[in-house]
Every structure is written in C-alpha cells, then in structure tokens.
Amino acid sequence: MNITRRIHLNPQSKGNLGKSFEAEFRTAWLERLGIPWNGSDLDDRHHTFACRHPGAVQSYQLGNEHESKTALLKLFRRVLKDAAPVHVIDTRAQADALILGAMDELQILDICADQGVRLTFFLFPTDDTESMTNAGRLFLYAGDRVEYVIVHNPAKARGDLFKGSQLESQLTDFGAKAITLPTITPTTLLAAEKAESVARRGLSFAELSNPDAKFLERLLAGEIQWAMQRMFRQYDTIAHLLLPTELVSREKPVTRANESLKAEPQPQLNFEE
C-alpha cells in the first residue's frame, strides 16, 4: 500500500498519560528530519499543543456530540486538502467516545484509505483497567485500518497489567510497535513551566533544549536534549508507522549529517483471560 500522507492521533480517553509530552518529542523529530507537518489541537481545555506551535497547529472546540462531529468534519476536510506529509492531532482527555463516534459517522477511515492517507493511533497503557479497556475499545473499532504505536510511560505506569495481556498480543499481531518515554526530573519540568510563564507563551522542546535561547539553564536544557536523543532513536526504528511511504528509506530515516540528534484477523478481546 502506497501511503501518501500520515495522520497521527492519540485518542485515548484517560488523562495524565503523557500524550502531549510524547507529541512534543515526535514533532521535534519531524522537524529535525526536515519533514513538514501541520497539527490540530483538540484539547479545548488547555490548548497546550497550539500554544507551543502557533504557526503549525490549529485549535478546535469539541463540545458535545453534535459539536464534536462538526469540529472533526472541519478538521479532516482541512487535513485531506493539506499538502503536508504528516498531520499530528493532540486530543484532550475523556474525548475518545466523541472522536470515535464522529469518525464512524463521517466514515473518516474509509475516506482516508481511498486517498492513500493512513492513520496511526498512539496508545498509552497503564496499570489500571480504565486505560486498558479504553485502549481495547479503540483497537476493536479501528482494527487493521490504522497503525498502532504503544507508548510506555514509566513515570505513570507502575504495574504490568498490559504486559503479557491479550491486548498486547493482538496489537503486536497487527504490527504495533512500542516506544518508552524518558523520565525527566521534576526540577527541569518545573523550570520549563516557569520559562513558559516568563515568556508568556508555550515553548516547544526544541526551544527549551537550545542553550543559546536561554529559556533554561544549560544543565536543564541538556536534560531535554538527552531525552530528545533517546526518543529520536526510537522514532527512527518505527518510521514506517509515522511517515508516508516515499519518506521512509529502505532501512530507516537518518538525521542530517551535521546534526547530533537523530487475510487479516478481526480483533477480539477478553480481559478476563
């Protein structure tokens, strides 16, 4: 299948999983590779994504069921007309039912497939049944019509409910790949929040990691750089799930030389097993 464009979506309902945190690394990776991207911010409570990337990201208000359908109609009409090879959507918590309902009614996955556009779902398993059930519901809806990236966040998950589960096994059978978020010290995270407050705007990780910008002291900016390097290496290995076909090399994408960073089964789940 020739994929002409990619849409990244993190539709999971449970909040405080690190969804916006991970998306920040991913967009920095795209920029490091020189790959154009645009985005949509469906977190109508915070708009963190749009605040950090005002030139690339447009905000939408989800609202109730009818309003969500209207918002997503506008969003996907825009995306399907956009020439950017990658579109990144960041969603708020407790919105998965609204998003999946609107996508189903608008036949988004079928229309995207007709145009060679492929979605990648980012799933964040934790040690509670709510996130597991929510991730399973997304998988049952989308099946083999999307790709999956499983994002492990050691700062949030303290158990192993997902590891060895039927959900993990079936996602793996459908080609899912896993990545692990780095743990950044609270000192650096608090300093980043303070820098945004002083700057009176959102700051991307690319800005925070640049010591010449002086948003963070050099030691703290260095920790952001370290975290970005770890994530970039992981994204390189799953580039075939993140990029259109023509942008994926035979092996894996590499960062610029002068830069230091670099018949299908139907899903069935039984959480009682």
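# Reading pockets and helix packing

Modeller: Let's start with the largest pocket, whose lining divides into 13 nonpolar, 13 polar and 10 charged residues. Nonpolar here means Ala, Val, Leu, Ile, Met, Phe, Trp, Tyr, Cys and Pro; charged means Asp, Glu, Lys and Arg; the others, Gly among them, are polar. This is a predicted model, with local features needing pLDDT of at least 70 and side-chain atom pairs pLDDT 80 or more, while totals for chains, interfaces and linings use all residues. Residues are numbered from 1 along each chain as its sequence is written, and side-chain values use heavy atoms, leaving out hydrogens and water.

Biologist: What volume does the largest pocket have, and which residues are the closest to its centre?

Modeller: Rolling a probe the size of a water molecule over the atoms shows where empty space is left. On a 1 Å grid over the protein atoms alone, a pocket is an open set of points with protein on both sides within 12 Å along at least five of seven lines; a cavity is a set where a 1.4 Å probe fits but cannot get out; lining residues have an atom within 4 Å of a point. The largest pocket here has a volume of about 940 Å³. It is lined by 36 residues, and Asn16, Gly18, Ser20, Phe21 and Arg52 are the closest to its centre.

Biologist: Which element gives the most to that pocket lining?

Modeller: Helix α8 does, with 6 residues. At least two lining residues come from each of α1 (19-32), α2 (48-52), β4, α8 (186-199) and α9 (205-208). Helices (H or I, at least four residues) and strands (E, at least two) are DSSP runs, numbered from the N terminus.

Biologist: And which residues line the largest cavity?

Modeller: Arg5, Ile7, Val79, Asp82, Ala84, Val86, His87 and Val117 do. Strands β1 (5-9) and β4 (86-91) are the elements that give two or more residues to this lining. The cavity holds about 30 Å³ of space, and its lining has 5 nonpolar, 1 polar and 2 charged residues.

Biologist: Now the helix pairs: at what angle do α1 and α10 cross?

Modeller: Axes are lines fitted to C-alpha atoms, for helices over the stretch in contact, with angles from 0 to 180 degrees between N-to-C directions. The axes of α1 and α10 (residues 218-237) cross at roughly 75° and come within 9 Å. These two helices are therefore roughly perpendicular (65 to 115 degrees; under 35 is roughly parallel, over 145 roughly antiparallel, the rest oblique). In contact (heavy atoms within 4.5 Å), Glu22, Phe25, Arg26, Ala28, Trp29 and Arg32 of α1 meet Ala227, Met228, Met231, Phe232, Tyr235 and Asp236 of α10. By class, that makes 8 nonpolar, no polar and 4 charged residues.

Biologist: How do α8 and α10 cross, and which residues make the contact?

Modeller: Their axes cross at roughly 105° and come within 10 Å, so α8 and α10 are roughly perpendicular too. Thr187, Thr188 and Ala191 of α8 touch Leu220, Glu223 and Ile224 of α10. That contact has 3 nonpolar, 2 polar and 1 charged residues.

Biologist: What about α6 and α7: at what angle do they pack?

Modeller: Helix α6 (residues 129-142) packs against α7 (residues 166-173) at about 30°, with axes 11 Å apart. That makes α6 roughly parallel to α7. Met132, Ala135, Gly136 and Phe139 of α6 meet Leu167, Gln170 and Leu171 of α7, giving 5 nonpolar, 2 polar and no charged residues.

Definitions and conventions. Grid points are joined across faces, edges and corners, and a volume is the space filled by probe spheres set on the points.
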